[in-house]
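New notebook page, new structure. I'll jot down each thing as I look it up.

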Amino acid sequence: MSKKRVAVLISGRGSNMTALIEAAKAKDYPAEIVLVVSNRPEAPGLARARAAGVETAVVDHAQFGEDREAFERALDGELRAHRIDLVCLAGFMRLLTPWFVTRWSGRMLNIHPALLPQFKGLQTHRRALAAGVKRHGATVHFVVPEMDAGPIVAQDSIAVGDGDTEETLAERVLEVEHRIYPRALRIVAEGRASLVSTGKQESTR
Ligand code: GRF
């Protein structure tokens, strides 16, 4: 079976992107990272991708002003031009409209630094500490129109200790992210998980 062609969408440093690129070097990995797209021209991850020999593109959301649809059409055009099969959001800090999400439905994953459905949205480590949870972690899920709400493909956790701070949690959760994202992409690329619509709600099968 031929490898799935994957694009990773980033906005920043791209450590999850790097984890995916590294994992995809393995001969038996079912996906190859053929493109990295950033919505920010200054994202440090772009240089990391180039250094790893991966083609990069910038679709700068600022160029499109308030016109989200035009931004997403440009993004979609880039992905189609590269014959992308699967999209991995990795620290991509733009909300995507239902138009784009529906277009890539079942073919787009996101990583979130919390144990979904807990702590959707931003500042997850701060909120986990404030809530006093004893376990915290990261989740890879299919992207659906509702933010951070898609069916879960992979998830793992760490213990939260008394001495933990936002920084120490962020560090340990990031290690979890780097471990589970390549695993989740493998599962989806091999067709072992797919998004099914039950009419009211999506789930994995
Ligand atoms: C990660 O924690 C990811 O879960 C998120 O933003 C961060 C991106 O880090 N939502 P990186 O760019 O992959 O290093």
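**R107.** I started by finding where R107 sits: it is in the loop between α4 (98-103) and β5. The model is a predicted one, so I keep that in mind for every entry. Is R107 buried, exposed or partly exposed? Its relative accessible area is 30%; buried would need under 20% and exposed over 50%, so R107 counts as partly exposed. I then listed what R107 touches, skipping neighbours within four places in sequence: R80, I84, D85, L86 and V87. I also checked R107 against V143. They are 36 residues apart in sequence, and their C-alpha atoms are 8.3 Å apart in space.

**The sheet.** Next I traced the strands. Seven of them form an open sheet, and I wrote the order down as β3-β2-β1-β4-β5-β6-β7, with mixed pairing. Which strands are at the edges? They are β3 (55-58) and β7 (152-159), each of which pairs on one side only. From one strand to the next, the twist averages 20°. A reminder to myself: strands of a sheet pair through backbone hydrogen bonds, and they can do so parallel or antiparallel.

**β1 and β2.** I zoomed in on one pair. Strand β1 covers residues 4-10 and β2 covers residues 31-38; the two run parallel, with seven bridges between them. I looked up two partners across this pair. A7 has L35 in β2 as its bridge partner, and L9 stands opposite V37 in β2. Why do I call β1 largely enclosed by the rest of the structure? Because six of its seven residues are buried.

**Helix α3.** Then I asked what lies across these strands. Helix α3, residues 68-81, lies across β1, β2, β3 and β4 (86-89). I noted its direction too: α3 runs at about 150° to β2.

**H112.** Back to β5, which spans residues 108-112 and holds H112. I looked up its accessibility and got 3%, which is under the 20% limit, so H112 counts as buried. What does H112 touch beyond four places in sequence? I wrote down F119, K120, G121, T124, G137, A138, T139 and D148. With D148 there is a polar contact as well: the two side chains are joined at 3.5 Å.

**D148.** That sent me to D148, which I found in the loop between β6 and β7. D148 is buried, with a relative accessible area of 10%. I checked its backbone and noted a positive phi of about 55°, although D148 is not a glycine.

**A138.** Leaving out residues up to four places away in sequence, A138 touches H112, P113, A114, L115, A154, Q155, D156, V173, V176, E177 and I180. I also took the C-alpha separation of A138 and S15: they are 123 residues apart along the chain and separated by 14 Å.

**The loop between β5 and α5.** Two entries here. P117 is in this loop, and a cis peptide bond joins L116 and P117, with omega at about 10°. Q123 lies in the loop between β5 and α5 too. Q123 has a positive phi of about 50° although it is not a glycine. As for accessibility, Q123 is partly exposed, at a relative accessible area of 48%.

**The largest pocket.** Last, I went looking for empty space. Rolling a probe the size of a water molecule over the atoms shows where such space is left. The largest pocket has a volume of about 1,000 Å³. It is lined by 37 residues, and the closest to its centre are G91, F92, M93, I111 and P113. Which helices and strands each supply at least two residues of the lining? My list reads α1 (15-23), β5, α5 (124-131) and α6 (166-189).

How values were computed:
Residues numbered from 1 in each chain as written. Predicted model: local features only at pLDDT ≥ 70, side-chain atom pairs only at ≥ 80, totals over all residues. Heavy atoms only, no water. Pairing = 2+ DSSP bridges. Helix = DSSP H or I, 4+ residues; strand = E, 2+ residues; numbered from the N terminus. Axes fitted to C-alpha atoms, helices over the stretch in contact; angles between N-to-C directions. Contact = heavy atoms within 4.5 Å. Buried < 20%, exposed > 50% of the residue type's maximum accessible area, 1.4 Å probe, protein only. Polar contact = N/O pair within 3.5 Å; in protein donor to acceptor, adjacent residues only side chain to side chain. 1 Å grid on protein atoms, 1.4 Å probe; cavity = no way out; pocket = protein on both sides within 12 Å on 5 of 7 lines; lining within 4 Å. Points joined across faces, edges and corners; volume = space filled by probe spheres on them.
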